[in-house]
Amino acid sequence: MTRPSAPTKNKGPGMEQRPGFVLRERRRGLFRCGATSALHCEDIPLAKLAERYGTPLYVYSATAILERLAAFEHAFDRVPHTICYSVKANSNINILRLLAREGCGFDVVSGGELERVLVADRHAAGKIVFSGVGKSREEMTAALKAGILLFNVESESELWALAECAIRSRREARIALRVNPDVAAETHPYISTGLRKHKFGVPIRSARELYAKASAARYLKVSGVSVHIGSQITEVAPFAEAVDRVAALVRELRADGHRIDYVDTGGGLGIDYQEPAPDFSDCVARYARAVTNPLRGLKVHLLLEPGRAIVGPAGALLTSVIYRKENGGKHFLVVDAAMNDLIRPALYGAYHEIVPVVRAKNSTAKKETVDVVGPVCESGDFFARDRELPRVEEGDLLAILDTGAYGMALASNYNTRPRPAEILVRGKSAKVIRRREKARELYSPEL
Ligand code: LLP
């Protein structure tokens, strides 16, 4: 995603022989192009969903989400572990419920996320970790009451605030310090977190001192070490390096007499937005080796906080072309989704593949270079720039792919635009998991 919204690669004349989505079909098997050249989510044509529920519309494949969770479970099955899905990536309660039913735990970063998880599964508390650099006392107290598994504490001030809340509510708080390992991760600077200059965690060098203080505090129970170096990291080496440093710290802490049961290695495993990995299981297996090798022999319970890797490729944003437009030789497709619905291209220059939902069977369909833009009054409101796409007409549908993570979760009501509905597909069934907002709901708190 660090790559700018560059023109798509020339896929060569071979590609011209095939319908546009065959590659994607083979790779993920869910958003696929059938004989009619219509993009489907599982067994349902996306065009049908758009017709029924309108656009812009987020569509998710339940099977894809479950398969990706299963790939994680499988990759880590040789070590004691809990997958704590990072709720911020996509916090729809129905998706949380889907994951909870598979025994998944959760990583939350706010009182709101904690509430969502408990609504999705009221027995989830024992598998919840609470991360974040600015937890309020109210949030920490709510988490103590719920009886969550672990607080990932990020500063000395937070440690004392938590101790105070724990004493007041007479509940013991299991804690890990989130250490900042000073490891560089190749990703967008906004989502890199593991360097000294970042606001996250406590410097790994001063961690021992803080652990000593924590262990002396009543109602705080030192239980683990946590680390998270950033998001959308597609190389495994930085993970290995960070966990290596954590493993050394665990040994020191144990020598100091602390009981370290848990190591939380955070999230951050990236996905390929341009060329989806042919085999996700291989990719998770490589990641699992990087994370587990340094911990060998330590007998810790591993906590993992993947977000994007679970839900990212399982979602698409459907949008309709409102207008075709030409300005000074440049061609624009003005679509009905906008930066308020999906902000990643505007915020990070993120690349998302865009494909027509219905393709002409004729594979020689004309291509054109266009900017795909939304109706919001900002030039930053684009989904693609100078992108080569098959020609589409006003009223046609496009699917913006790999938008299951940090799509709806980052959506806003800018320009008083109601947020899209969300649909969860499983086989032949489609469920509205969030209805479309109405403009009145947006301004009624002001009346
Ligand atoms: N754990 C912690 C402590 C985190 O801060 C994050 C993400 C995760 C886990 C999950 O990371 P993942 O597995 O999803 O990479 N809005 C950005 C991504 C922000 C990520 C923030 N923290 C985007 O759209 O790319």
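A cavity here is a set of grid points where a 1.4 Å probe fits but cannot get out. The views below come from a predicted model.

**View 1**
Rolling a probe the size of a water molecule over the atoms shows where empty space is left. Searching the whole structure this way gives two cavities of 30 Å³ or more. The second largest cavity is shown in the next view and holds about 40 Å³ of space.

**View 1. Lining of the second largest cavity.**
Which residues line the second largest cavity? Val227, His228, Ile229 and Phe239 do, together with Ala242, Val243, Thr265 and Gly267. Five of the lining residues are nonpolar and three are polar.

**View 2. The shell around the ligand.**
The ligand is surrounded by 19 residues. Ser231, Glu305, Arg344, Tyr348 and Tyr406 are the closest. Sorted by class, the shell has six nonpolar, seven polar and six charged residues. Domain 1 (15-61 + 313-446) and domain 2 (131-304) each supply at least three residues to the shell.

In Tyr406, an N or O atom of the side chain is 2.6 Å from an oxygen atom of the ligand. How much of the ligand does the protein bury? Taken alone, the ligand exposes 580 Å², and the protein buries 91% of that.

The chain divides into domain 1 (15-61 + 313-446) and domain 2 (131-304). Taken over C-alpha atoms, the domain centres are 35 Å apart. Domain 1 gives 12 residues to the contact, and domain 2 gives 11 residues.

Notes
Residues are numbered from 1 along each chain as its sequence is written. This is a predicted model: local features need pLDDT of at least 70, side-chain atom pairs count only at pLDDT 80 or more; totals for chains, interfaces and linings use all residues. Side-chain values use heavy atoms; hydrogens and water are left out. A residue is near a molecule or strand if one of its heavy atoms lies within 4 Å of it. A polar contact is a pair of N or O atoms within 3.5 Å; within protein, one must be able to donate a hydrogen and the other to accept it, and residues adjacent in sequence count only if both atoms are side-chain atoms. Accessible areas come from the Shrake-Rupley method with a 1.4 Å probe; for residues, only the protein chains shown count as cover. Ala, Val, Leu, Ile, Met, Phe, Trp, Tyr, Cys and Pro count as nonpolar, Asp, Glu, Lys and Arg as charged, and the others, Gly among them, as polar. Domain bounds come from an automatic or database domain assignment. On a 1 Å grid over the protein atoms alone, a cavity is a set of points where a 1.4 Å probe fits but cannot get out, and a pocket is an open set with protein on both sides within 12 Å along at least five of seven lines; lining residues have an atom within 4 Å of a point. Grid points are joined across faces, edges and corners, and a volume is the space filled by probe spheres set on the points. Contact means heavy atoms within 4.5 Å.
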